[in-house]
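Subject: Handing over a structure, with notes

Dear colleague,

I am passing this structure on to you, together with some notes to read beside it. Please have the sequence and the model open as you go through them.

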Amino acid sequence: MLPSQPLLQAGLCALTVLQALASDTFIAAVYEHAVIVPDPTDEPVSPKDALALMNKNMDVLEGAIKEAAQQGAHIIVTPEDGIYGWKFTRESIYPYLEDIPDPVENWIPCTDPSRFGSAPVQERLSCMARNNSIYVVANIGDKKLCNSSDPGCPSDGRYQYNTDVVFDPEGKLVARYHKYNLFMIETQFNYPKEPEAVTFETPFGKFGIFTCFDILFHEPAVVLVSKMQVDTVLFPTAWMNVLPFLTAIEFHSAWAVGMGVNFLAANTHNTSLAMTGSGIYAPDGARTYSYNMKTEDGHLLVAELDAHPRLSPASPHAVSWSSYALSVERFSQNDHDFTGIIFHDQFTFTELTKPGGNLTVCQKDLCCHLSYKMARKQDDEVYVLGAFDGLHVLEGQYYLQICTLLKCKSTDLDTCGQPVETAQTKFEMFSLSGTFGTNYVFPEVLYSGVQLAPGEFEVLKDGRLISKTKPTKPVITVTLFGRWYEKD
């Protein structure tokens, strides 16, 4: 039977609307928030006082959300801990938590606030999204009651989760993610029983979400990209910078390049804890970013992204990360290899004693090859080539393979690997590669002043990270950061 004319017209109209809503690009926003934190206490405050503190932070976030919407943003990401701060015990965080239902409940807290009990934070976030017609991503705390029939139930009878929520432009809760890889100081929260791979569809692509420390682990980070095939990852974080290659902007930008996805990273801002560095990153480099250790101001970033970056002509080609390094003989030997510590890991270093040449340094199964030419070697600056192949065990256990060209803090080789923010030496060229045992390698170039180098380096199909500009700006580090998940 043929459909009636009115029904056919209605179907065609709906299809036209969907096609109009779909877009090849979208406007993204992230907000780095200088969080107002409560006074540290082991005793819980009253629910009224907890909400008052959270409303102060949400006042600031609401202003950023309005401004982002006015600039045409379709989605905004706000930071981890951005509504209640940190330094909690399990008991003292409880007044700040709400029961967050499963998104399958099809709930709009702004219009039906009491459906799942008292939820003033979710109600306000929902209304921010609805009133500004924008997707809003926020980090809050979820509480779930349990009882003795559950063998994993904590003694206080509840689970507490570090939780991301997403509200769509109607204010509907469309995603809820419980952080799986908790940082070592997050004793106020529980691990979910199983890792969650949370995605949701929009007119401008498929989105996934996870939180901060999750980025260093296979689940959920790699699962979302490799198995779930998301286009864009949302990333609320409270990232404490660790130079020379775990600074927020460089690692998050490198992750987007290495994984081939858009990455929206919103960091908390607190200079005393070295928390800063937010950005909007595409597979071909940063669209916009901010790193500010000088003031305590929040900062809004807005940029346009491809909705489906894998289909973009600018999408990076597949890389065989060890192809070149395995095909060449070791470069000239240096009899003066030495060891140094970076973020508690013992690297093997060799010094760049000449203004140009070829060097190899090895540790275990990883050999790092460097070809380089300095534009002018500064007498008071020392650079080394370093290799690390091993299990990092400080705040978690994860296996790394790292090749890095980096500036030492001083001419004393014992300072190599210590944090450095400025440099004067420029390079006419560099080419860095390594015999990686993993396909998950993230390329980083960091310039003096903690500045990224979008468009100024390239990764060749054979795994070489090379410079594209002559000369470069002064270099702090050039790094290939490998994650070998199977060896954790």
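Predicted model: local features only at pLDDT ≥ 70, side-chain atom pairs only at ≥ 80, totals over all residues.

Residues are numbered from 1 along each chain as its sequence is written, and side-chain values use heavy atoms, with hydrogens and water left out.

The domain assignment, which is an automatic or database one, gives domain 1 as residues 25-311 and domain 2 as residues 322-487. Their centres, taken over C-alpha atoms, are 32 Å apart, and 27 residues of domain 1 are in contact (heavy atoms within 4.5 Å) with 30 residues of domain 2. Between them the two domains bury about 2,500 Å², with 76% of it on carbon and sulfur atoms; buried area here is the accessible area (1.4 Å probe) that two parts lose on being put together, summed over both. On the side of domain 1, Leu243, Pro244 and Phe245 lose the most area to domain 2, together 26% of what that side buries.

An open sheet is formed by 7 strands in the order β13-β14-β17-β18-β24-β20-β21, with antiparallel pairing; strands are DSSP runs (E, at least two residues), as are helices (H or I, at least four), both numbered from the N terminus, and two strands pair if DSSP finds at least two bridges between them. At the edges are β13 (338-342) and β21 (451-452), each of which pairs on one side only. Strand β13 is joined to β14 (residues 345-351) by 5 bridges, and Thr339 has Thr348 as its bridge partner in β14. Helix α5 lies across β20 (441-447), β21 and β24 (475-483), running at about 140° to β20, where axes are lines fitted to C-alpha atoms, for helices over the stretch in contact, and angles run from 0 to 180 degrees between N-to-C directions.

His252 belongs to that helix, α5 (residues 248-259), and is buried at a relative accessible area of 0%, where buried means under 20%, exposed over 50% and partly exposed in between (1.4 Å probe, protein chains only). Asn267, in strand β9 (residues 262-267), counts as buried because its relative accessibility is 0%, and its side chain reaches the backbone oxygen of Thr276 at 3.1 Å.

With best wishes

Key. Polar contact = N/O pair within 3.5 Å; in protein donor to acceptor, adjacent residues only side chain to side chain.
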